[in-house]
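The entries below follow the order in which I checked them.

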Amino acid sequence: MRQAFHALSIPTSGKGLYEITRELRAWLSNEGVRDGLVTLYIRHTSASLLITENADPDVVKDMAAYFERVAPEDGPYIHDAEGPDDMPAHIRSALTQTHLSVPIEKGALQLGTWQGVFVFEHRRDPHRRGVKLHFIGE
Amino acid sequence: MRQAFHALSIPTSGKGLYEITRELRAWLSNEGVRDGLVTLYIRHTSASLLITENADPDVVKDMAAYFERVAPEDGPYIHDAEGPDDMPAHIRSALTQTHLSVPIEKGALQLGTWQGVFVFEHRRDPHRRGVKLHFIGE
Amino acid sequence: MRQAFHALSIPTSGKGLYEITRELRAWLSNEGVRDGLVTLYIRHTSASLLITENADPDVVKDMAAYFERVAPEDGPYIHDAEGPDDMPAHIRSALTQTHLSVPIEKGALQLGTWQGVFVFEHRRDPHRRGVKLHFIGE
């Protein structure tokens with residue numbers, strides 16, 4: 001039984017979903033893992049993680065548009081230190097995920113056929129988002 | 001320290017919550033686990049996982065009705081390849097969970113008294129939903 | 001490779017966010033952990049866990065106010081056995097987290113600079129909330 005750590009730094013250029021499935025698979029392959037659990041952890045409160053469909057690019061557009069509607073920039077917020085996209089970014093992060101865990105069995109990451117792993121950027125400005133990867137298993 | 005894997009295939013017959021606590025406990029009991037962490041992972045983007053109250057059946061009815069209101073079928077979606085329940089299914093999955101982890105201590109799954117583990121089906125048609133189980137511990 | 005367990009009992013005095021980052025760090029420090037994964041699990045369906053910004057106290061006020069709006073007490077609910085804050089508490093729990101996992105590397109809990117770990121109380125009355133902690137690693 002062993003552990004492995006890695007850190008991704010994902011550049012984002014405004015609100016939306018950025019797929020990181022390939023980066024995740026590349027690291028697991030490089031580590032030569034067989035059976036275990038991989039955990040992704042995003043070190044931010046205005047960007048989050050999400051597993052959703054990665055086949056039709058309209059899904060991520062609809063997803064982003066939905067969160068614009070449900071946690072709008074013009075909500076009655078006290079906290080707006082960094083602008084109108086600041087507090088809704090925290091809310092959208094709260095409604096989605098800060099961490100994800102996915103089992104790996106016989107070398108295969110157990111994502112479903114249509115599942116992709118995404119960083120969900122909630123701020124307008126470009127950022128680099130740090131995602132910590134942790135593996136435990138064999 | 002060891003790992004164990006299992007796969008559940010849960011039949012669903014339309015939108016709603018389907019409890020899988022018994023299936024989860026049965027597998028853990030069969031594996032004879034004592035201390036560790038169990039992770040459930042659903043391999044779909046239009047069905048999700050949720051821990052909620054399982055004592056009063058009205059709770060899961062209210063829960064399903066809430067998600068109908070907050071992510072309705074008649075939202076302005078681009079993606080409707082599989083019908084009006086397609087995109088809201090992805091959104092409801094995003095708002096709930098794709099994975100759950102629960103500690104096990106001294107042989108006892110650490111669910112609270114009123115907590116049950118559910119598959120939350122977001123599509124109208126019958127499906128079989130694959131849920132991967134992973135245990136690590138002793 | 002080893003495991004460790006702990007239980008926090010967090011007193012709450014009405015709806016809102018209660019930070020538990022210090023309690024979490026204190027336990028990890030006491031255990032002398034170096035590399036691994038810590039999982040927090042809340043054993044309730046009307047209180048939840050959330051990682052969000054802990055620098056500006058307005059964030060948690062806005063967060064609580066948002067969930068009041070999005071899952072209001074006067075929603076059309078069937079389940080109201082324990083009062084008007086009962087069903088919205090289950091919904092707000094469903095929209096946030098029952099468990100959180102955070103990697104620990106070289107003795108450092110991998111929270112981002114602005115991230116705090118909170119119990120999110122959704123009931124009006126005072127409670128004690130049980131949070132199970134599980135560590136696996138070295």
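I looked up burial for Ile104(A): it has 23 C-beta neighbours inside 10 Å and therefore counts as buried. The cut-offs are 20 or more other C-beta atoms within 10 Å for buried, 12 or fewer for exposed, and partly exposed in between, with C-beta atoms placed from the backbone.

The model is predicted; local features need pLDDT of at least 70, side-chain atom pairs count only at pLDDT 80 or more, and totals for chains, interfaces and linings use all residues. Residues are numbered from 1 along each chain as its sequence is written, and chains are lettered from A and ligands numbered from 1 in the order in which they are written.

I placed Ile104(A) in strand E5 (residues 99–105) of chain A. Helices (H or I, at least four residues) and strands (E, at least two) are DSSP runs, numbered from the N terminus. Leaving out residues up to four places away in sequence, I listed what Ile104(A) touches: Leu28(A), Val33(A), Asp35(A), Gly36(A), Val38(A), Leu109(A), Gln110(A) and Gly137(A). Contact means C-beta atoms, placed from the backbone, within 7 Å.

Next I turned to the chains. I found that chain A can be laid on chain B with an RMSD of 0.0 Å, by a turn of 120° and a shift of 0.0 Å along the axis. That is the relation of a three-fold axis. The superposition is by least squares on the C-alpha atoms of residues with pLDDT of at least 70 in both copies. Leu95(A) is the residue of chain A that comes closest to the rotation axis, its C-alpha being at 3.3 Å.

Last, I checked strand E7 (residues 115–121) of chain C: seven of its seven residues are buried, so the strand is largely enclosed by the rest of the structure. E7(C) pairs antiparallel with strand E4 (residues 47–53) of chain C over seven bridges, pairing being at least two DSSP bridges between two strands. In that pair, Ser48(C) has Phe120(C) as its bridge partner.

Notes
Contact = placed C-beta atoms within 7 Å.
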